[in-house]
Amino acid sequence: MPTILAIESSCDDTSASVCRDGEILSNVISTQPIHKKYGGVVPELASRAHIKSIVPVVDEALTIAGIGLPAVDAFAFTQAPGLIGSLLVGAQFTKSMALAFDKPIITVHHMQSHVLANLIPQHKPGFPFLCLTVSGGHTQIVLCEGPLQMKVIGHSLDDAAGEAFDKSAKLLGLPYPGGPLIDKYAANGIYEKFKFPEPNIEGLNFSFSGLKTSILYFIRDEEKKNKNFVQENIHDVCASIQWRIVSILLNKLEKAAKQTGIKNLCIAGGVSANSQLRQAFEQLGKKLNWRTFIPPLEYCTDNAAMIAITAYYKYLAGDFADLSVSASARAEW
Ligand code: KG4
Ligand code: ZN
């Protein structure tokens with residue numbers, strides 16, 4: 001019955017979670033509103049904000065779980081990928097706790113943990129499964145044959161799906177992060193009112209940079225005719241952009257499922273919080289006889305519960321690190 005305390009600090013959320021024998025007892029997330037006014041995450045401000053919030057966040061996670069630090073059997077942190085200054089705060093803090101209590105350290109790959117967020121709920125996929133992982137920095141189709149046996153079989157050649165949402169939102173004058181706002185406006189818009197092209201990329205890879213350019217030109221041309229075009233059509237424009245991003249993602253996922261013959265399908269990562277992606281994924285699953293799995297919203301965007309569940313499987317596998325380990329901005333899969 002290992003009790004694990006996990007820390008996630010790869011970008012602009014400070015999070016801590018306690019997990020006992022694979023069950024999440026707490027998952028505290030503190031977001032950093034300071035980046036809103038800059039239109040994106042400012043790395044130096046992010047690491048400073050992590051330093052401020054890490055102690056209260058860990059305290060709260062322990063209190064909710066009803067344990068003290070001496071009850072922790074292993075300490076885990078996100079090692080990579082992410083912003084190096086932010087990662088280092090989590091790494092150093094976790095290592096200090098492990099040193100003070102003489103307990104093992106477990107390092108976790110952020111993208112692998114997004115996939116394993118699907119193993120937190122009671123209703124979880126059997127192996128093998130495919131996971132479409134869509135976040136602010138990555139877009140991947142992952143073949144998962146066991147909790148620690150994963151392979152990326154498709155990825156974005158340029159922007160990630162989250163970036164496609166955020167950059168489109170910026171073009172529409174919406175604040176960062178724009179993904180949730182596009183989702184909100186799209187709810188009252190007409191999908192396919194405006195047509196944006198689907199890129200023709202071979203295999204299971206994605207590309208979103210062309211979409212961004214076509215949105216830029218589309219807005220420029222429409223605003224020449226009507227300078228209030230965006231304000232007057234915000235719902236339909238958001239719905240059309242969102243639908244194009246969602247259809248690019250699901251078309252590739254369908255292709256991957258056909259190629260591999262796998263029927264257990266999952267989505268994960270911040271963009272999997274998108275209401276239309278969740279709905280369209282379920283519908284496609286029904287049509288194609290998939291067993292579909294989507295993590296609850298709090299485990300989609302960055303959170304330490306996904307780090308804790310990954311650490312739990314690494315604990316069972318005896319995969320520990322020593323005090324010489326550190327964070328790294330990039331990591332091999
Ligand atoms: O996984 P995540 O929390 O952080 C990274 O590891 O990158 O993903 C953040 C991304 C952002 O691009 C954000 O705009 C997007 O997830 N996102 C959404 C929604 N909620 C978060 N995109 C579309 N619709 C949403 N509801
Ligand atoms: Zn993430």
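Between domain 1 and domain 2, the count of salt bridges is 0, a salt bridge being a side-chain nitrogen of Lys or Arg within 4 Å of a carboxyl oxygen of Asp or Glu. The model is a predicted one, in which local features need pLDDT of at least 70 and side-chain atom pairs count only at pLDDT 80 or more, while totals for chains, interfaces and linings use all residues; side-chain values use heavy atoms, with hydrogens and water left out. Residues are numbered from 1 along each chain as its sequence is written, and chains are lettered from A and ligands numbered from 1 in the order in which they are written.

The domain assignment divides the chain into domain 1 (3–115 + 300–316) and domain 2 (126–294), with bounds that come from an automatic or database assignment. Their C-alpha centres are 27 Å apart. At the interface, 14 residues of domain 1 are in contact with 19 residues of domain 2, where contact means heavy atoms within 4.5 Å. About 1,400 Å² is buried between the two domains, and 76% of it is on carbon and sulfur atoms; buried area here is the accessible area (1.4 Å probe) that two parts lose on being put together, summed over both. On the domain 1 side, Met111, Val115 and Cys300 lose the most area to domain 2, together accounting for 43% of what that side buries. Across this interface the rule finds 1 residue pair in polar contact, both residues being at pLDDT 80 or more. A polar contact is a pair of N or O atoms within 3.5 Å; within protein, one must be able to donate a hydrogen and the other to accept it, and residues adjacent in sequence count only if both atoms are side-chain atoms. Helices H3 and H9 each supply at least two residues of the side of domain 1 that touches domain 2, and H3 gives the most, with 4 residues. Helices (H or I, at least four residues) and strands (E, at least two) are DSSP runs numbered from the N terminus.

Buried means under 20% relative accessible area, exposed over 50%, and partly exposed in between (1.4 Å probe, protein chains only).

In one, Arg48 pairs with Glu44, their closest N and O atoms being 2.6 Å apart. Both residues lie in helix H1 (residues 43–65), 4 residues apart, about one turn of the helix; Arg48 is exposed, at 53%, and Glu44 partly exposed, at 44%. Helix H4 (residues 161–171) holds Glu163 and Lys167, again 4 residues apart, and their side chains meet in a salt bridge of 3.6 Å, N to O. Both partners are partly exposed, Glu163 at 25% and Lys167 at 30%. A further salt bridge joins Arg244 to Glu198, with 3.5 Å between the closest N and O atoms. This pair links distant parts of the chain, 46 residues apart: Arg244 is in helix H7 (residues 229–260) and Glu198 in the loop between helix H5 (179–186) and helix H6 (209–225). Arg244 is buried, at 16%, whereas Glu198 is partly exposed, at 38%. Salt bridges that share partners also join Asp159, Glu163, Lys167 and Lys212 into one network.

Two buried residues complete the picture. Ser9, in the loop between strand S1 (3–8) and strand S2 (13–20), has a relative accessible area of 2%. A polar atom of the Ser9 side chain lies 3.3 Å from the backbone nitrogen of Gly90. Thr107 belongs to strand S5 (residues 105–109) and is buried at 12% relative accessibility. Leaving aside residues up to four places away in sequence, Thr107 touches Phe77, Gln79, Lys314, Ala321 and Val325.
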